[in-house]
Amino acid sequence: MSSMNKPGLAYLKNEMASCERRIKKISENPDPSKPKSNILLYELERDLRREQIEAYENGKPLGITGLGPLTRAMGMVPWDAIMAADRTHGKAATEYFAQVRKLGMPDHTCDRCSILVPMILNGDFPKPSFLFTSNFECLPVFLAHNLLAEYLQVPKFNIDRPFNNYKGEMDEERLRYVTDQIKEMVEYIEAKVPGCKYDEERMIELLEFDRQYLKIFQELWKLKAAIPCPLSGRESFREIRLANMYPDPAKAIKYMRLYVDEVGERVEKGLGAAQPEEKLRLLWSVAGPFYDDPFNWLEQRGVAIPAAEMTVYNGWFSGREPIWGDPWNGRQLSPLEEEARQFDFVWGRLGDDWVNTHLHSCRDLHLDGIIYFLQWGCPVSNNLGRVVAEEAQKQLGIPTLLVEGRMLESSAYDRDDFFAKLTDFIDVCTAWKENRA
């Protein structure tokens, strides 16, 4: 496979065109069943892709430094290849997996990481200027980023995060340990990546944008608890970007404000996604078969999905995880300390945190069961599925469906079998709910 033998814009141009079509459709023929604010979301996504294309064409650095706004504060445009890989399914995913197998590379790891490698090496997504790696991320992402950095000769920096939960323990020593590494990374980027210079004033500004954005999301979390649930399963499952990911974070906050207000109106009117009435409320965990739509199928059977459990998000939304700007041990953190704190998040922590975040979500949102997707090649979540199921039954009296599958690779997918398991699980949840009552 030749490296970077294409202009690197195929994916970005396709995404931008898709957003333009959606914006046009909403403007000319809006669907009253969908949020009006969606037009702002597609404008934000379009503007990000346009910014990435312009950065690539003009030699501006594209990179990633972690979860927070440090990427933009360093003068880089965010590089979001993992999310791009997530959105690659159907024919494109089949072609990428064929390339992976032809090269003799393992195809049984996490789907997004399998696809990520040929997507970048083909040049279908731009080559990054810098790559960040850390043990705060799952192992497949860590290895994929390291592979790309080595193969493409891209500057990279690894940050070691202690496995102890220093958010909860208020451990100054561990926070300082990670903050010192981030300071080293800033110096490394300034030396290795042309055009990058840390701008602390911009960092502070972006931190505040993210704080405002997440505070509005915390309002949404409370609205999700309404019965009937005002959100469709697809809305709950939508993976978010923080405000700092977009070129106009103020517009991202405007979008979120409008969206949450719309959800609030649905709650006031007693409108729910499940039809003809809400009978069950389930949590969807880890991932899902992106080439199919189980959510609409469930809603037609009276099953709502108020939330999906993916990484740190529900900790932020519920207010249990500190967000940017929250005090630490009675003091305010510096901007780089804020970045260090957020490295200690759900996906890479000890098992207790992953299990407890499921239990918290189920309590908060009055859920009747968990659909736990055993995504191939995900060592973090797969090994804890049985523990989540046992604790949910023991502490909450609700059942868990452990269902195996792949996110993007559909060749092994048996649709009849998958939906038969969902059908049986609906019956189980209904019986357990009646017993609890």
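This text walks through the chain as a whole and then turns to one residue, Ala-273.

The model is predicted. Its mean pLDDT is 91, and 96% of the residues reach 70 or more. Helix 8 (residues 166-169) has the lowest mean pLDDT, 67. Helix 3 (residues 70-73) has the highest, 98. Residues 1-5 have pLDDT below 50. Beyond near neighbours in sequence, that stretch has 17 contacts in the model.

Now the overall fold. The chain holds 19 helices and 8 strands. Its radius of gyration is 21 Å, close to the 22 Å from the globule rule for 437 residues, so the chain is as compact as a globular protein of that length. The C-alpha trace spans about 65 × 55 × 45 Å along its principal axes. Of the 437 residues, 57% count as buried. Take the contacts between residues at least 6 apart in sequence: 79% of them join residues at least 24 apart.

Next, surface and charge. The chain exposes about 18,700 Å², and carbon and sulfur atoms supply 50% of that area. There are 55 positive and 67 negative charges, and their mean positions are 3 Å apart.

Finally, Ala-273. This residue sits in the loop between helix 12 (249-269) and strand 5 (280-285). Leaving aside neighbours within four places in sequence, Ala-273 is in contact with Cys-229, Leu-231, Ser-232 and Glu-299. Lys-222 lies 51 residues from Ala-273 in sequence, and the C-alpha to C-alpha separation of the two is 17 Å.

Note on methods
Residues numbered from 1 in each chain as written. Predicted model: local features only at pLDDT ≥ 70, side-chain atom pairs only at ≥ 80, totals over all residues. Heavy atoms only, no water. Helix = DSSP H or I, 4+ residues; strand = E, 2+ residues; numbered from the N terminus. Contact = heavy atoms within 4.5 Å. pLDDT = per-residue confidence, 0-100. Rg over C-alpha atoms; globule rule 2.2 N^0.38 Å. Buried < 20%, exposed > 50% of the residue type's maximum accessible area, 1.4 Å probe, protein only. Areas by Shrake-Rupley, 256 points an atom, 1.4 Å probe, with all protein chains shown as cover. Lys, Arg positive; Asp, Glu negative; His and termini not counted. Charge placed at Lys NZ, Arg CZ, Asp CG, Glu CD.
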